[in-house]
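Dear colleague,

Please find below the structure that I am handing over to you. My findings follow directly after it.

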Amino acid sequence: LKMYLLRTVNNPLFLQSVEGRKFIAHLFTVDADSLVLDLHRAIRTQIVFAKKSILNAYADIYYMAWKVSTEKEEEDEEHNDDDNCNDAQVVVTTKKVMTIQTSIEENALQDLMYQVIHAAIPSTARSVRTILDKFYLHKKSPRVEGMLHRMYGPLLWRALVAANSTVRKQASVVLADTFPLRDPEAGEERTEACVQKSERT
């Protein structure tokens with residue numbers, strides 16, 4: 001069954017329809033332990049040769065999957081305030097959702113972010129950027145802004161001073177796309193420091 005599910009990520013019937021993309025996005029939220037990584041790997045093998053329409057479909061899938069995982073987390077936080085909820089059940093459910101969100105961010109999105117910076121072939125970086133553009137378009141959302149800061153933080157600043165000129169160039173493009181890269185939940189002083197760091201770079 002898992003093999004058939006993974007085949008959906010390169011099936012035009014799924015990628016070209018709204019319901020098909022929603023179905024694949026839903027698969028990302030089913031199992032944080034292995035399915036997220038397997039789906040991402042299956043998509044990653046298609047990225048280099050994919051047409052822009054397919055890359056846009058992948059962008060929709062990643063964004064929908066991530067957004068659903070964050071919305072489920074928010075719902076569970078609201079349930080925590082309900083006195084009628086079973087505390088043990090809430091803890092287990094929240095842990096599961098947090099794991100799904102973390103898995104999508106660290107196993108899929110951060111890997112794409114690494115590729116858009118470190119891809120040896122510029123055309124590959126452009127293809128990955130087409131997918132990540134979906135998140136850049138929503139960077140004014142505090143949730144998206146926070147995620148971009150968390151995931152790019154360990155990668156971007158180091159890449160901007162890398163010895164490899166291609167890496168530096170691609171990192172500069174990312175910085176422009178994500179500027180100002182900051183944590184929306186940080187204090188005003190910390191936020192200003194992040195902005196100044198971006199500007200100096």
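A contact here means heavy atoms within 4.5 Å. Among contacts in the protein chain between residues at least 6 apart in sequence, those that join residues at least 24 apart make up 66%.

This is a predicted model, in which local features need pLDDT of at least 70, side-chain atom pairs count only at pLDDT 80 or more, and totals for chains, interfaces and linings use all residues. Residues are numbered from 1 along each chain as its sequence is written, and side-chain values use heavy atoms, with hydrogens and water left out.

The protein chain has ten helices and zero strands (DSSP runs of H or I with at least four residues, and of E with at least two, numbered from the N terminus). Of its 201 residues, 43% are buried, that is, under 20% relative accessible area with a 1.4 Å probe, protein chains only.

Helix 7 (residues 122-136) and helix 8 have axes that come within 10 Å and cross at roughly 135 degrees.

Glu145 is buried, at a relative accessible area of 12%, and touches residues including Lys139 and Pro180.

Yours sincerely

Note on methods:
Buried means under 20% relative accessible area, exposed over 50%, partly exposed in between (1.4 Å probe, protein chains only). Axes are lines fitted to C-alpha atoms, for helices over the stretch in contact, and angles run from 0 to 180 degrees between N-to-C directions. Lists of a residue's contacts leave out its neighbours within four places in sequence.
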